[in-house]
Amino acid sequence: MIMVVINLIKDLWRGLHFVLSIQFWRMALLWTLSVLVSHFQLLKDSLFSHKIVYPRCSSSTFPNTPVCVITGATSGLGFSTACKISKEGFVVVIVGRSEQLLSETIRKIKDLNEDAQLKAFQADLSSVESIIKFKDSLRQWLLDSNLHCSVQILINNAGILATSPRVTAEGYDQMIGTNYVGAFVLTKLLLPLLENSPVSSKIVNVTSFTHRAVTNLQVDEGTVSGKKFLSSKHYPYAQVYEYSKLCILLFSFELHRQLTQMGKSHQIFVNVADPGIVKTNIMREV
């Protein structure tokens with residue numbers, strides 16, 4: 001009984017310490033302001049700009065069953081997207097860290113759509129080695145399954161918000177490693193499969209309005225790897241999250257620029273999706 005009370009007091013103290021921290025109020029104030037700015041920009045664009053319509057990647061025009069890869073698909077936006085895309089005739093490859101959660105996700109999607117074609121791969125998006133193993137396993141599975149050796153849609157959705165510093169095997173901050181580096185590496189490794197698609201393929205990088213809260217932009221090795229944050233006395237997790245989302249946004253723009261230079265922008269479309277401000281079904285974009 002005494003230990004229960006002690007643990008309760010510790011939990012209350014940690015909660016109070018979190019609420020009183022600078023990072024909490026940064027999220028409460030700056031992030032709220034950022035989402036308001038994003039909504040204003042969205043409203044302005046809808047009123048005064050012409051909407052860009054991207055060609056829809058339809059499964060009906062695909063010679064074989066098309067494949068969609070979704071990271072972080074065991075919960076939230078990733079799970080919802082996997083459910084909807086499975087109803088569009090795609091084979092949905094869900095990627096996650098927990099084998100148990102992957103199994104539960106397949107069961108839940110099957111309960112909603114018994115005709116869903118699903119394949120689960122366990123991979124840690126904060127580990128480059130794990131991502132390479134996933135790419136090799138995916139390619140081999142495509143060959144063994146008699147599917148067309150290509151990917152039509154890649155959705156980089158996996159992301160974390162960690163309140164304490166953690167380091168990946170490659171020496172990156174884990175939040176930077178998962179939210180940005182992992183998506184960067186996976187996209188680069190899967191580009192040959194995306195290019196091999198008989199119809200136009202699409203990359204969707206899930207960003208966040210929080211990138212607007214970045215006030216001191218420094219794109220250097222220390223920032224991109226997250227190493228400069230790891231040396232801080234108090235881990236600035238809110239800023240790290242903001243930087244990670246800014247990096248994935250900049251990567252999306254640069255990837256589009258490179259594909260345009262190579263004359264492949266009509267073959268592979270690069271999109272960003274912000275779950276904080278975009279209320280439409282993501283399938284309207286893909």
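In strand β4, the residue I155 is the bridge partner of I70, and in the same way L154 of β4 is the bridge partner of V69. These pairs belong to the contact between strand β1 (residues 67-71) and strand β4 (residues 153-156), which run parallel and are joined by three bridges. Strands here are DSSP runs of E with at least two residues, and helices are runs of H or I with at least four residues, both numbered from the N terminus; two strands pair if DSSP finds at least two bridges between them. The model is a predicted one, in which local features need pLDDT of at least 70 and side-chain atom pairs count only at pLDDT 80 or more, while totals for chains, interfaces and linings use all residues. Residues are numbered from 1 along each chain as its sequence is written, and side-chain values use heavy atoms, with hydrogens and water left out.

Strand β4 also pairs with β5 in the parallel sense, over four bridges, and here L154 has I203 in β5 as its bridge partner. Taken as a whole, the open sheet has six strands in the order β3-β2-β1-β4-β5-β6, with parallel pairing. The strands β3 (117-122) and β6 (268-273) stand at the edges and have a single partner strand each, so one side of each is left without a neighbour in the sheet.

Both faces of β4 are covered, since I153 and I155 on one side and L154 and N156 on the other are all buried, where buried means under 20% relative accessible area, exposed means over 50% and partly exposed lies in between, with a 1.4 Å probe and protein chains only. Helix α6 lies across β1, β4, β5 and β6, and runs at about 175° to β4, whereas α3 lies across β1, β2 (91-96), β3, β4 and β5 (201-206), running at about 170° to β1. Such angles run from 0 to 180 degrees between N-to-C directions, and the axes are lines fitted to C-alpha atoms, for helices over the stretch in contact.

Within helix α6 (residues 174-195) is T178, which is buried, with a relative accessible area of 9%. Not counting residues up to four places away in sequence, T178 touches L125, S126, A158, G159, I160 and A183, contact meaning heavy atoms within 4.5 Å.

Helix α3 (residues 76-86) also packs with helix α4 (residues 99-112), at an angle of about 45° and with their axes 10 Å apart. In this contact F79, A82, C83 and S86 of α3 meet T105, K108, I109 and L112 of α4.
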